Amino acid sequence: MVADHRDLPVGDRSERRNFVTRVGIFGGTFDPPHYGHLRSAEEVRELLRLDRILFVVASVPPHKDRVVSEFDTRHELTSLAIEDHPYFVATDVERLRPGKSYTVETLLLLRDQYSTTHSKIFFLLGSDSFYEITTWKSYQRIPELASLVILNRPGFEGEAYESFLKATFPGYEGASGGEVFLHPEKEPVFFLDTTLLEISSTDIRKRVLEGRSIRYLVPEAVRKTIQQKGLYRS
Ligand code: ATP
């Protein structure tokens, strides 16, 4: 007897129902994006087996006290920075949102967007940003919405992160040699030993202003666009 085609295991439904996409969210001003961002994201993608990483360009970053470049410019530079990577995506979700960019709102928005596909969300941030998290809007909600992945940053490495994590988000306990912290109700927090690269957007802007080279600090396409558009010269 020939089976009804509807009974054939074409795209097994239960498998698809349980398929979990592991999505990294990497928010930043990206003014400009540099190899410190890219290499850290790549190591996290590999270590945590992420299916993709969204680079979320902040519209109006609440923590920057200087004027940042236009959103479209930063989005273009970010798209160029990741153009060769099959699993990195630059998103402009924040362009449409008026006012300041708050991580908690971005995570809520992206969680809604991905909920139907059973995604797990990992929020990547540098250790300097992590130590400022108590100044962020509704920061207590963040580890409920996403797993925090804290990236090593020169000058901010060391042991203090464990006590800071426990004081800021009570209930986390260490596992896996201090790289992972677990909580009964919240998502895991990861402190990953990624390569320390002492590169910052501030330093790159300063070098451009002083007429110095930024080659090998940023992808070549980013460097050329900065040069062509005359960015950071004043
Ligand atoms: P600026 O110098 O203008 O403050 P930045 O270099 O810190 O910029 P952002 O776009 O503000 O870059 O950073 C986005 C995220 O990437 C933040 O969480 C930040 O901590 C992290 N980050 C930036 N540079 C590095 C680096 N070299 N290594 C690891 N994480 C980084």
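Colleague: How many aromatic pairs does the structure hold?

Modeller: This is a predicted model, in which local features need pLDDT of at least 70, side-chain atom pairs count only at pLDDT 80 or more, and totals for chains, interfaces and linings use all residues. Residues are numbered from 1 along each chain as its sequence is written, and side-chain values use heavy atoms, with hydrogens and water left out. Rings of Phe, Tyr and Trp (its six-membered ring) pair if their centres lie within 6.5 Å; planes under 30 degrees apart count as stacked, over 60 as edge-to-face and the rest as tilted. The number of aromatic pairs in the structure is 14.

Colleague: Which kind of pair do the rings of F30 and F55 make?

Modeller: The two ring centres are 5.8 Å apart. The planes of F30 and F55 meet at 45°, so the pair is tilted.

Colleague: And where do F30 and F55 lie?

Modeller: This pair links distant parts of the chain, 25 residues apart. Helices (H or I, at least four residues) and strands (E, at least two) are DSSP runs, numbered from the N terminus. F30 is in the loop between β1 and α2, and F55 is in strand β2.

Colleague: Are F30 and F55 buried or exposed?

Modeller: Buried means under 20% relative accessible area, exposed over 50%, and partly exposed in between, with a 1.4 Å probe and protein chains only. By that scale, both F30 and F55 are buried.

Colleague: Which kind of pair do Y131 and F164 make?

Modeller: Here the ring centres are 5.1 Å apart and the planes stand at 70°, so the pair is edge-to-face.  Y131 lies in the loop between α5 (127-130) and α6 (142-145) and F164 in helix α7 (residues 160-168), so parts 33 residues apart in sequence are tied together. Y131 counts as partly exposed, at 23% relative accessibility. So the kind asked for is edge-to-face.

Colleague: Which residues do ring pairs link into a cluster?

Modeller: Y131 and F164, the edge-to-face pair, both belong to this cluster. Its members are F130, Y131, Y161, F164, F181 and F191.

Colleague: Let's turn to the sheet. In what order do its 8 strands run?

Modeller: Strands of a sheet pair through backbone hydrogen bonds, either parallel or antiparallel. Two strands are taken as paired if DSSP finds at least two bridges between them. The sheet is open and its pairing is mixed, with the order β3-β2-β1-β4-β5-β8-β7-β6.

Colleague: Which strands stand at the edges?

Modeller: An edge strand here has a single partner, so one of its sides is left without a neighbour in the sheet. The strands in that position are β3 (88-91) and β6 (173-175).

Colleague: Which strands does helix α4 (residues 103-114) touch?

Modeller: Contact means heavy atoms within 4.5 Å. Helix α4 packs on the sheet, and its direction makes about 140° with that of β2. The strands touched by α4 are β1 (21-28), β2 (52-57) and β4 (119-126).

Colleague: How far apart are the end C-alpha atoms of helix α2 (residues 35-47)?

Modeller: The expected span of a helix is 1.5 Å times one less than its number of residues. For the 13 residues of α2 that gives 18 Å, which agrees with the model. The end C-alpha atoms of α2 are separated by 18 Å.

Colleague: Which residues does T194 touch?

Modeller: T194 lies in the loop between β8 and α8 (201-209). With a relative accessible area of 3%, T194 is buried. Among the buried residues of α2 are S40, E43 and V44. Not counting residues up to four places away in sequence, T194 touches S40, E43, V44, L151 and N152.

Colleague: Last one: what covers the buried residues of α3?

Modeller: Helix α3 is mostly covered, with 9 of its 12 residues buried. Those residues include F71, H75 and I82. Their cover includes α2, β2, β3 and α9 (220-229).

Note on methods:
Axes fitted to C-alpha atoms, helices over the stretch in contact; angles between N-to-C directions.
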